[in-house]
Amino acid sequence: METKKISFINDEFDLKLIFKTIKKVVPYILIVFAFSFTVSFLYLRYTYPLYKAEGYIQINTDDMVEQVFGQTAQVDMYKKIEVISSKMFLERVFGNLPLDISYYREGRFLNSELYKGNPYTVLVDVKSPTFYDKPIYIDFLPNGNILLNYQDEENEPFSFEFSILDTASLPEAEIYVRLTNPSMFQTQTLLEKQKYFFIVNNPANIVSRYSQGLQVSIQNPEAQSIYVSFTDRHPVKAAEIVNKIASEFNVYDVEKQAQSTEKILTFIDEQLDFFNTKLSMSKSEIEAYKKENNIDVIFMSLDEIYLKVEEYQSQISQQLLEISRLENVKQLILEDQDMDVYEIYALVAGTEIHSLVSNNLSNIQELLMQREELLYNVTANNAQIRQIQYKIEIQKKLLAESINIAIDNAILKKHEIESLLSEYNQSMQPIISEHNAGELALLEKIYSSNETFYNQLLEKKAQHTIEKAGFVPQNVILEAAVVPEEPISPVGSRIYLLSFFGSLLISFVIISVKYLMHNEILSARDIAKYSSIPILGVIPKFTKIIPNNHIIVNKNPRSLLAESLRAVRTSLQFIGEKEGCKIISLTSTVSGEGKTFIAFNLACIIAFSFKKVIVIDLDLRKPKVHLGFGVENKLGVSTILSGIDELENCIRNSNIENLDFISAGPIPPNPSELIQTSNFDVMISVLKEKYDYIIIDNPPIGIVIDGMKSMQIADYPIYVFKANYSKKQYVQNISRLVSESKISRLSVILNAAEISYSKYGLQKYSSDNSYGYGYGYGYGYGYGYYDEESELLVKNTFLNRIKNFFYENGS
């Protein structure tokens, strides 16, 4: 007999099975949703919320230094970002905020930070670094004192009580507590209910701690705007840090501009002192000359000579000014480790060497920015820092060499001018000697020249002083940060939505796995799909507890269960009708499929039709018939086949008319051998003479082969499957029984089927005789029988019509 191969994975689309699978896993799905939402609730409850404050700064780049160096706005904006993110700048920002001490209120689940909202403040003078970063609990006692509790240096509990007016002298620190609102201390209402503590933050760790929440990026390159955001647990703190960064950046920008002007003013003051000294010397020389030559009147002659001498003197003064300026630049380069490029530029601006050193200054500036960025993450002894420092020293040496060359050139030029002046004086000496008054005029000219330079320097000093007073920030705060009202993480709606879709995904996986791994027989259609063995009938599922005797039909003879068994009885006539006693042998693949239940109730149904029926318990390994009829199992089939008892002594009457039974008897050591003896054939022959039907309850043939003989001699061998219990692979067993064991009249009964399955499963195949003899005679036609106790109702309700629609279209 041909049998289709049955896969262990359900690879067919069955809408009915999908709905049934969903119905089965609903408790698991509810558990998944409940667990997921519980986890989401606990996560939201025990996770600190994070708030983000945002601000925008516009950078103006039309300053003189940028124009000279030729830097683009984009490059300049990146440098501004590096400045804002640098440790040096953040130390300025955080140092101007109350971040040295953090105040908290202890909560039931999470602690709340009291940034600028704490009812008290503390002043701390730390003596030992071990006092940093540890919670100091503070209690305000009813007697007006304060109690501090914390872990000391050895992690031992330490307490200290002191008056609100005193200073707490602890081994590790001096602490003074001041109440923000003294009336709170007097009423003691809030302070007694709440538990407070504070933490003295280590100054060395403040920048590294808070810089993690800082984000600086270019918002719009064309508009030259920078985006600044800060994330923190406290919304007010986050907003204040962003606004402080913006305001402090403007102050920093003004300071950098003022530094360059300050250096220029310092240089001018030095030159003023220099020329003031020269003026004093010139004046002294004039006075001495007058006194030596008894000259009281200045003769203004030889104008051309004097003008030429004045020109040489002016050139010499310019070279002296150039040399002094270059010496200052050289000193800054060699002595200042972190040289200020803008300051050097201010000194060399307008000089002859400006074009020669601008490239070196740009390179040094870039290397200094790289070093500052690396120092934010590594120490000064890092290999990368040393490498950059080496490059900086090389550039400084090149720059110093350029300055030395320029100084030598200026000195050489000065000497050349002095030589020209000396030669000019010698050539003019005969003329000058003739007029003593001419030498005096020359001294006056020198004095006048120095005085002119002195006045020019005074004008320059006044100009730069005015510029310094008028410095304003070049940067514009486009949008100040506001206190965020909602946290960015965790977001409750987002967490619950993610939990919902995650639960849906897990539920879909559960349903899919359950559906794919579904391998149980659901209806007669599943049996007919894989085998052509006739289906004798379908027994509906009994929803209530089955009694010990397994007999249901005697109490409810008009129930669906009774009608389905009558349909089986009728279907037996189509398998083969013969005169005399008929043997009905039932078996299954494994235990628990309901063969004993069907044997009992089928025997009752046949007995109700005035036929004499006897039930034989041939399951000698696990007998059950005696339990159903409530008798002892001291004698039975095993004692009959062993020759211990006579057959007549083992036949027992039931409380149902025309129904007798033989129990299995004591469990023998060799059940299979006993059944194969001739005594079994003799027992069957004798019973055939007395009864119309012999119903044999065999052991599961899928486990043992004890019942094979009774199946072979039976007129009606029946194989029992149980819906939602028996595996589809069990169908292959009935095909092997027919082909290998030569059980030609084998038929099938499906037990415990759902009502919709039995009803529509039978009707659908009622016209197809190849699927069995009983389809046209089952209860599937809907005679209207019902069982109030078992609640097997067949009603044409709207819900049933929907279920039946999905069943028919899904299958």
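Y103 and F198 are both buried, a term that requires under 20% relative accessible area, with exposed set at over 50% and partly exposed in between (1.4 Å probe, protein chains only). The model is predicted: local features need pLDDT of at least 70 and side-chain atom pairs pLDDT 80 or more, while totals for chains, interfaces and linings use all residues. Residues are numbered from 1 along each chain as its sequence is written, and side-chain values use heavy atoms, without hydrogens and water.

The structure contains 23 aromatic pairs. Rings of Phe, Tyr and Trp (its six-membered ring) pair if their centres lie within 6.5 Å; planes under 30 degrees apart are stacked, over 60 edge-to-face and the rest tilted. Two of these pairs are tabulated below.

| Pair | Centre to centre | Angle between planes | Class |
|---|---|---|---|
| F33 and F37 | 6.3 Å | 15° | stacked |
| Y103 and F198 | 6.5 Å | 45° | tilted |

F33 and F37 lie 4 residues apart in helix α1 (residues 15-46), and therefore about one helical turn separates them. F33 is buried because its relative accessibility is 17%, whereas F37, at 29%, is partly exposed. Ring pairs join F33, F37, Y496, F500 and F501 into a cluster.

A charge sits over a ring if NZ of Lys or CZ of Arg is within 6 Å of the ring centre and within 35 degrees of the ring normal. K195 lies over the face of Y137, 5.3 Å from the ring centre, and the charged end of R233 sits over the ring of Y48, 3.9 Å from its centre.

Note on methods: Helices (H or I, at least four residues) and strands (E, at least two) are DSSP runs, numbered from the N terminus.
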